[in-house]
Amino acid sequence: MQQGQTLASVKIEAFPEKTMIFGLFRKKNNNQAIVDRQYAALTAAARMPDLYERLNVPDTVMGRFEMLSIVMILFFRRTRASAVSGQEIAQEIVDAFFQDIDYSIRELGIGDNSVPKRMKKLAGMFYGRLEAYSKAMDAGDREALALALQRNIYPESPAPADMSGLAGWMMAAEAHLSAIPEEMIAGGAAKLPPIANSSVA
C-alpha cells in the first residue's frame with residue numbers, strides 16, 4: 001500500500017470552502033502529545049456503554065466504526081472554525097483514525113493487495129457521513145439526522161432501530177463542543193458529554 005494516497009484531495013460538499021487533504025500517517029512531532037491526548041478522549045467517547053445500551057447503536061465492529069466516525073465528525077466540525085493549530089490537530093486526529101482502521105484491517109488478516117481498496121471504501125463511507133450529518137446538523141434538523149443515522153447504521157435492516165436518541169446526543173454534543181474555549185481545543189483537552197436523559201427522549 002502506498003500510504004498517503006487513499007484519502008488525498010477530497011472535496012467535501014458540506015465544507016465547500018475547503019479541500020481536505022489528509023496525509024495518512026503523517027505526524028508532526030510537536031503536536032504528538034496533544035494529538036494522542038485528544039484522540040484518546042474521542043475514542044473513549046465512542047466507547048461509552050450508553051451509546052450501545054440506550055441509543056440503539058449495535059455493539060459490533062461496524063457499529064463501533066459508526067460511532068468512531070461520529071465523534072470524529074463532531075470534533076472536525078468544531079475545529080473547522082478554529083485557529084490553524086486547532087485545524088492541524090483535527091487533521092492529525094483524522095489521520096490517526098484512518099491509521100487505526102488500516103491497522104485493524106491488517107490484523108484481521110486481510111491481504112496487502114486488498115487493503116487499499118477497503119480503505120478507499122471506508123474513507124468514502126466516512127466522507128459520505130460527514131456530508132449527510134453536516135447537512136442535517138447545519139439545518140438543526142434532528143429528524144433528518146436520525147434518518148441519516150438509520151440509513152448508515154442499519155443499511156439492510158427492514159426495521160431499523162430508532163436513532164432519534166443518538167441524533168439528540170449529537171446535537172447536544174455539538175453545542176457542548178462549541179462552548180469549549182479555543183485554548184482547550186489547541187491543548188487537546190476537549191471532551192464529549194455523557195448521554196443525558198434528554199438525549200434519549
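User: At what angle do α3 and α7 pack, and how far apart are their axes?
Analyst: This is a predicted model. In it, the angle between α3 and α7 is about 35°, and their axes lie 9 Å apart. The crossing of α3 past α7 is right-handed.

User: Which residues make that contact?
Analyst: On the α3 side they are M67, I70, V71, L74, F75, R77 and R78, and on the α7 side L166, W169, M170, A173, E174, L177 and S178. Sorted by class, the contact of α3 with α7 comprises 10 nonpolar, 1 polar and 3 charged residues.

User: What else does M67 touch?
Analyst: Leaving aside residues up to four places away in sequence, M67 touches A46, L51, Y52 and V57, as well as L166 and W169. M67 also belongs to the largest nonpolar core, which has 56 residues. Together with L149, L166, W169 and M170, M67 is among the members that touch the most others in that core.

User: Which elements give two or more residues to the core?
Analyst: They are α1 (32-46), α2 (49-53), α3 (61-79), α4 (84-107), α5 (115-138), α6 (142-153) and α7 (164-178). The largest share, 10 residues, is supplied by α5. In soluble globular proteins, nonpolar side chains tend to be buried together.

User: Changing topic: how many aromatic pairs are there?
Analyst: The count is 6 aromatic pairs. For F97 and F98, the ring centres are 5.1 Å apart and the planes stand at 55°, so this pair is classed as tilted.

User: Are F97 and F98 buried or exposed?
Analyst: Both F97 and F98 are buried. They also belong to one aromatic cluster, whose other members are F65, F126 and Y127.

User: And N56, where does it sit?
Analyst: N56 is located in the loop between α2 and α3. Although N56 is not a glycine, its phi is positive, at about 70°.

User: Why is N56 called partly exposed?
Analyst: The relative accessible area of N56 is 33%, and the term covers values between 20% and 50%.

User: Finally, how many helices and strands does the whole protein have?
Analyst: It has 9 helices and 2 strands. Along the sequence, the order is β-β-α-α-α-α-α-α-α-α-α. Of the 201 residues in the protein, 45% are buried.

Note on methods: Residues numbered from 1 in each chain as written. Predicted model: local features only at pLDDT ≥ 70, side-chain atom pairs only at ≥ 80, totals over all residues. Heavy atoms only, no water. Core = buried A, V, L, I, M, F, W, Y, C linked by side-chain atoms within 4.5 Å. Buried < 20%, exposed > 50% of the residue type's maximum accessible area, 1.4 Å probe, protein only. Helix = DSSP H or I, 4+ residues; strand = E, 2+ residues; numbered from the N terminus. Contact = heavy atoms within 4.5 Å. Axes fitted to C-alpha atoms, helices over the stretch in contact; angles between N-to-C directions. Left-handed = near helix turned anticlockwise from the far one by under 90°. Nonpolar A, V, L, I, M, F, W, Y, C, P; charged D, E, K, R; others polar. Phe/Tyr/Trp six-rings, centres within 6.5 Å; stacked < 30°, edge-to-face > 60°.
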